Every structure is written in C-alpha cells, then in structure tokens.
Amino acid sequence: MIKKFFKSRGVRKFLRSKMAIASLGVISVYALVALVVFAGAISLDDVTNRVGVERMPGFLQQPSRELRLQAVDLRLKAMESVARRGADSTPEEQRRMLNELSLFERQVPDEMLFDEYSTLVVSARQAYDNTGDAQLEVEDLADELVAISEELHEMKSEGASAEDISALKDEQKQMQVELASIMPELDSLIDIVEAKMLQIQPIPKGMSGTIYKLRLSLGTDAKGASIAMKGLYSVKIAFQIGLIVSLISVFLGSFLGAAAAFYGGWVDNAVMWLVSTLSSIPYLVLMAVLIVAFRGTIFDDAQKPGLALVPVYTAFCLTFWIGTCRVVRGEVMKIKELEYVQAATSIGFGKSYILIKHIIPNTLHIMFINFSLGFIGAIKSEVILSFLGLGVKGQPSWGIMIAHAKDDVSSFFFWEVLTATLFMFGLVLAFNIVSDALQDAFDPKHV
Amino acid sequence: MSLLKVQNLVKQFPVHGGVLNRVVKKVNAVNGVSFEIAKGETFGVVGESGCGKSTLGKAVIRLINSTSGSIEYDSKVITNLSHKEMMPYRRRMQIIFQDPYSSLNPRLTINALLKEAIRFHNIIPANQMNDYIQALITKVGLRADSREKFPHEFSGGQRQRIGIARALALKPEFIVADEPVSALDVSIQAQVLNLMMDLREEFGLTILFISHDLKVVQHFCDRIMVMYLGFVVEMLPAEVLHDRASHPYTQALLGANPIDDPDDRHPLTVLQGDVPSPFNLPQGCPFVGRCPIAEDRCKTDRPSLESKGDGHQVACWKVE
C-alpha cells in the first residue's frame, strides 16, 4: 500500500520539486521542535523565568553599560540578602539557601562554602561601590553634554556671534574627550565586579552551558524572560492549533461536502444552507461571541492553558471547514457523473461503497491541499486573535509575543517582534511552498 | 424468444430553476421507444448526438430510472425492481462505455478493479481468482504483466480492452456497448471491434450496440434501429440497410456515409436546419422541420412505426 503510494504519479511529481523537499525539511524541523516541547523539554516556567535584565539584545552581544550595571545591582542585592539571612543558620539551611539562589538561571557551585560565599559577596559589593564615583562622573558629564548641545542649538537660532559658538564647541569637544577617557575606566571596573560575580555563580558548562547560551541567544523581553524560549515554545502552540483545526475542519468539510454532493436533495440543501450562513459570519466576530459564551466555564481559565484553547479551536473549526466543503462538493458532483462510477453501479455496488471506494479516494488530493492551507490559515489567524487578546491565554504564542512587543518597538528594541515574525514566516512559507507543490502534483489539470 | 423486451420507454430529465427550485421544464430524451432483442442477437442503435441513444442504453440496464414504460428481461419486468432485487440481473447485464479515459477509476489497478467486481458477485472461488483474472486479461489481448498497472499507464485502445474485460468478468449474457469504439483511432477501432466479435462468439453474448457510425453498426449488428430526437424512425435487418432503408432520415445518414466504391454511392441529401429542441417536441413527425419530402399531414399527425414486412419497420407517412 505504502509502496504503491510512493509509486503513484502525484507523489513522484511532488518529490521532483526541490523547493518542496527543502520546505518539507523545514517543516519537519519545526515539527521536531514541537514534539520536543510537547514532550516537556521546555516547560512554562522556562518561558516565564527571568534569565537576565529586561530587553537584553540577542546573539550574546555585550549589553549596554546601563544594562550591565542594572544586572549586577539586581543580583548583588539578592545575594546579599541570602548572605544576611544565612549568617546564623545551620550549615544545611545555608546549603539549601545557596541552592535556591539561582538568579538568571545560574547556580552557586555545590562545593562552595557559605563563608567563602559571604566574603565573595562582600568583595563584590566593594567592587561595585568602586564603580560609583566613575558612574557619577559619567552621569555628570553626560548631563553637561546634553546641556551644552541644547545651549548650542539655542545660540544658533538666536544668531549669536561665531566666536561664542566656536568657544562652546571647543568646550563640548573637551568634554567628549574626557568622557571617552573615563568610559574605559568604568568598563574595567564593571568587568571586575562581573568577574567576582562569576566566581560566585559561574556560567554553567557543558550541556547546561549550551542551554544557558540558547536562552540568551535572542535576548530577553520586557520582563527579562528568554525570547528564544518563548519563540520555541510557540512552535508547539502553532502546531497544536494548526493540526487540530485543519484535521477537524478538513474531515468535517470533506464529509459534509461529499455527502451533500452524493446524496443531493435535502442533505445538499441543509449543508449548503449551513455553508452560506456560516461563511457570512467573520471569524473574529464569531470568536468574540464564543469568548463571551465560554466565559466563566473551565474553558476560560488562564491556569489551564490547554483548555483555554478550546474556544479558539471551536471558532476556527466552525469557519475553516467551509472552504474544504465547497471544493469537495464540487469535485464529488463531477466524479459521480463519471463513467467509472456508473460502471460500479452497473456491477451492483451499494451507494455507500461507491462513495467510499470510488469517489472519496479521488478527492484525496483536495484534502491534502486543504489540509496544508488550513494549517497556515489557523496559524495566521491565531496570531491575529492573540494579538487582539482573544486567542491564546496563559501561555506564549507568536501573536502574544508580538502583542507584548508593542512598547518595545517604539523604543527600537526589535528582538521579540523579529523572533516571533521570523519563526512564523519560516513555517508559513514552507507550508505555502508545500501546498503549491501538492497542487501542482495532484491536481489533474496541472499535467 | 426475446431476451430483452422494451415497451413504450420514456425518459424525461427535469430541469430545476427559479427561486423555489421547482421543475420548470423537461428534457424529453427518450419518447416511447419499443423494441425486442432476441437471445444471441446484436442489435444496433444509430442516431446523431443527443438523440437519446445513450440514455436508452443506460435506462435498459437500469443505470438511470425510466419515467414510464416497461423493460422486460428474460420474461421478468425489471423496470421497478429495488437495488436488492436487481442484484442478480446486474451480473447478467453489463455495459461498455464510450470514453476509455473516464470509465476506469484512476486509483485502482487493473487487478483491483477486476477482483472487486468478481468477488462481489462470487463468480469464482477465491483460490481460482488469479488464474481467472489472468485468463481474462489475455483474452482481451492485454499483456500478462498489465495486472498491477494503473489505468493511466495504458493507451486508449488498451483501456477500452480493460473496460471490456471488466464487463466480461461477471460472465454476463447481455452487454450494452455505448459507442465503444467512437473515441478510438480507426485502426484501433477495427482491433477492438474484432475482439468484440470474437468474444461475442465465445461467450454467446447478446449485445445492444450504440453508435453514430452507420458503417460500424452495419458491419457489427444483426438488426438496426435508427433514432431521431428520442423517437424510433426506422428498424430493419442490417443486411438490407442499404437497399431497403426508406425513412428520409436514414436515407440522409446513408448518403452522408463515405463509401469506397463511387458507383455504389447513395444519393446525397444534405439536411437543412437544426434538430428541434428536446424541451418542446413538435406536434407531428419529429423530423418534419428538416424533411425534404414533408407535407401538411406530417406537421399535425405523428406517424407510428409501421411494419413493411421482413422485419422492416418505418415511421413515415410517405413510405408505402
């Protein structure tokens, strides 16, 4: 059976298209990620936990001076509080507290003693305080530079004399030089603090080191959570919605469409009435109505993210089967008048047997194509709905990532939007190419 | 003893329209056709496209239900038998279709489509199935290794042979051949016709042969029925077609037929005008609008089929 399938003309034609093969590869990578996430490799905690300061850039770039200082400050405070609380506790308590201190997904090494830890924290605090003067100086200089540039602007518009302007410009240049000379000093001071912190909580090595790097690879969002993890986790959501919605709607659509065309009469009238009624309702409106309808039930609980997706599935399935239904109905109407169906009747086969054995198999290519189109449609619609706050709840999705990144974009921080859109772009493009190739390969009109 | 007896068969196709989807008009495809086919006889039906000959063929084996009239097969009226009651007759009557490209399910191998039918009617025990199919395939002139191939791997002529094999697989006694060669090249036509002649001898088949090609029908059939606009206009034995055909429509058909001997040519009459609309049948003779010898009576009174002796029947006022 499988051998026969691979020998069939359509499949051979499909496999000849290199783009389609590449896209199938891309899709299977996505599917693998979805499976791995589904198996529990990335939990919801991984997605929401802080892995760094807010809005860190990706590709493991050195963050800006302010972000580095902010990160050091945050972590130092947490470390100091542990050192303070643990000072009078038993060694076991101290060990437990150190183990629990896993700020930004980094651990205090097991072999480190509490005393050792306390001294390191104290010296790190000193090193941090050392940066204070330089920090203040940098801040002052920066403030003054701003003031001077404002003054320059004002003088120019008031038409002050050339000497005054050039004098002020000289002063500005001097200050810039001064600032440039302090900067490396401040940087080296920060390096010292960070080195001390590294001693307390070293960057993990081996497998966990790779994961640590992966977490930071695409930066962090406005809450310090890993953008990479959110993007990867959303692959699972996309596949979940895409698969469930397109499977159900293709099944429903082909079943109703085939029945309508084959049995005709009142079956056809009923199905076509449903089709025209449902297709006149935009799914956004339907979605909003369903959200209201499901409010207060177990399907409206952000604590149970799986169940919270039920309204989304319902709205999509109710609207997506229509396209498949129309096409399958047309195809079955055509096929049932063909002579091989009449031949089957003349042999004496029953109606249902003819439908299942002779008609449905000849509409399979339509189902394939509609499945992949439905998959893309579901993913894209999910993003739109989630962006509007109607879709996914209690877990990340590409739509939610884009919605959250609204404020980031206005401050020129693009990592989250780019991650979400590129992840989606890859999957949708691959599916589009595959469904095009399917169309070419299986549609008898494209010979 | 006639195997098939058709009396006053009428088939109308309703046309739906309007807001309430009511029947607005009817296509009169077959209008009161009666004939008998004896066992072992090959009965030809000729006529131009749209004259209702395919509808007649399909109605006779109950692929479509007739509007009125009766079909008697082997002394049993089968006009209104249910699906279940019809089952034994389904095996005994088979059909060969015109278009070899749409008459085979593209998703079934030859083996699968033959096996399906044979198993359904328990024609042969399961352990002899392979040999039976093999013999059938060789009999219709296909290579033995064609069994596991799909229809698209065959040419038109080969496909038509498969269609014949499917019809013969059930060991039928009566076959409706609905223009079986008109979609094929002339050289292939001859091959398939010869094959059908051989098989007719071998299996003792009774055949209702539908065609628009007078030459093929004359060559292949024992008796010929000429149809026009759903009416029978003439019925006569094939061997006397040339000499005794007397209806002006049959004459026109014969005249339009190319003949290899110029001296033997039939006088050519070119018909004017179009076939009348099957929605509104003319009150008188269906052929009146195009008939070169029509008179006033033809417009008002419809001639019925009159016997002229020796199995020759004509429906025309002007034929003595």
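1. Domains of chain A. In this predicted model, chain A is divided into two domains: domain 1 comprises 2–40 together with 227–442, and domain 2 covers 65–216. The centres of domain 1 and domain 2 of chain A, taken over C-alpha atoms, are separated by 50 Å.

2. Helix packing in chain A. Helix 10 (residues 227–263) of chain A packs against helix 20 (residues 415–442) of chain A at an angle of about 35 degrees, and their axes are 10 Å apart. The crossing of helix 10 and helix 20 of chain A is right-handed. On the side of helix 10 of chain A, the contact is made by A:Ile227, A:Gly231, A:Ser234, A:Val235 and A:Ala238. Helix 20 of chain A contributes A:Trp415, A:Glu416, A:Thr419, A:Ala420, A:Phe423 and A:Leu427. By class, the residues of this contact between helix 10 and helix 20 of chain A are seven nonpolar, three polar and one charged.

3. Interface between the chains. Across the interface, 14 residues of chain A are in contact with 20 residues of chain B. On the side of chain A that touches chain B, helix 15 (residues 339–347) of chain A gives the most, with seven residues. The side of chain A that touches chain B has six nonpolar, six polar and two charged residues.

4. The four-stranded sheet of chain B. Chain B holds an open sheet of four strands in the order 2-1-4-5, with antiparallel pairing. Strand 2 and strand 5 (76–77) of chain B stand at the edges; each has a single partner strand, so one side of each is left without a neighbour in the sheet.

5. The hairpin of strands 1 and 2. Strand 1 (residues 2–17) and strand 2 (residues 22–38) of chain B run antiparallel and are joined by 13 bridges. These two strands of chain B form a hairpin with four residues between them, and B:Gly18 in the turn has a positive phi of about 80 degrees.

6. Helix 1 of chain B. Helix 1 (residues 53–60) of chain B lies across strand 1, strand 2 and strand 4 (68–73) of chain B, and runs at about 115 degrees to strand 1 of chain B. Eight of the eight residues of helix 1 of chain B are buried, so this helix is largely enclosed by the rest of the structure. The buried residues of helix 1 of chain B include B:Lys53 and B:Lys58, as well as B:Leu56 and B:Val60. Just after helix 1 of chain B, B:Arg62 takes a positive phi of about 60 degrees.

7. The eight-stranded sheet of chain B. A further open sheet in chain B has eight strands in the order 6-7-8-3-9-10-12-11, and its pairing is mixed. Its edges are strand 6 (93–96) and strand 11 (306–307) of chain B, each with a single partner strand, so one side of each is left without a neighbour in the sheet.

8. Strand 10 of chain B and its partners. Strand 9 (residues 223–228) and strand 10 (residues 231–237) of chain B run antiparallel and are joined by six bridges. Strand 9 and strand 10 of chain B form a hairpin with two residues between them, where B:Leu229 in the turn has a positive phi of about 55 degrees. B:Tyr228 has B:Phe231 in strand 10 of chain B as its bridge partner, and B:Val226 is partnered by B:Glu234 of strand 10 of chain B. Two bridges also join strand 10 of chain B to strand 12 (residues 313–314) of chain B, again antiparallel. There, B:Glu234 stands opposite B:Val314 in strand 12 of chain B. Six of the seven residues of strand 10 of chain B are buried, so this strand is largely enclosed by the rest of the structure.

9. Not counting residues up to four places away in sequence, B:Pro180 touches B:Ile96, B:Gln98, B:Gln160 and B:Val192. The C-alpha atoms of B:Pro180 and B:Glu239, which are 59 residues apart along the chain, are separated by 22 Å.

Conventions. Residues numbered from 1 in each chain as written. Chains lettered and ligands numbered in written order. Predicted model: local features only at pLDDT ≥ 70, side-chain atom pairs only at ≥ 80, totals over all residues. Pairing = 2+ DSSP bridges. Axes fitted to C-alpha atoms, helices over the stretch in contact; angles between N-to-C directions. Left-handed = near helix turned anticlockwise from the far one by under 90°. Contact = placed C-beta atoms within 7 Å. Nonpolar A, V, L, I, M, F, W, Y, C, P; charged D, E, K, R; others polar. Domains from an automatic or database assignment. Buried ≥ 20, exposed ≤ 12 C-beta atoms within 10 Å, placed from the backbone.
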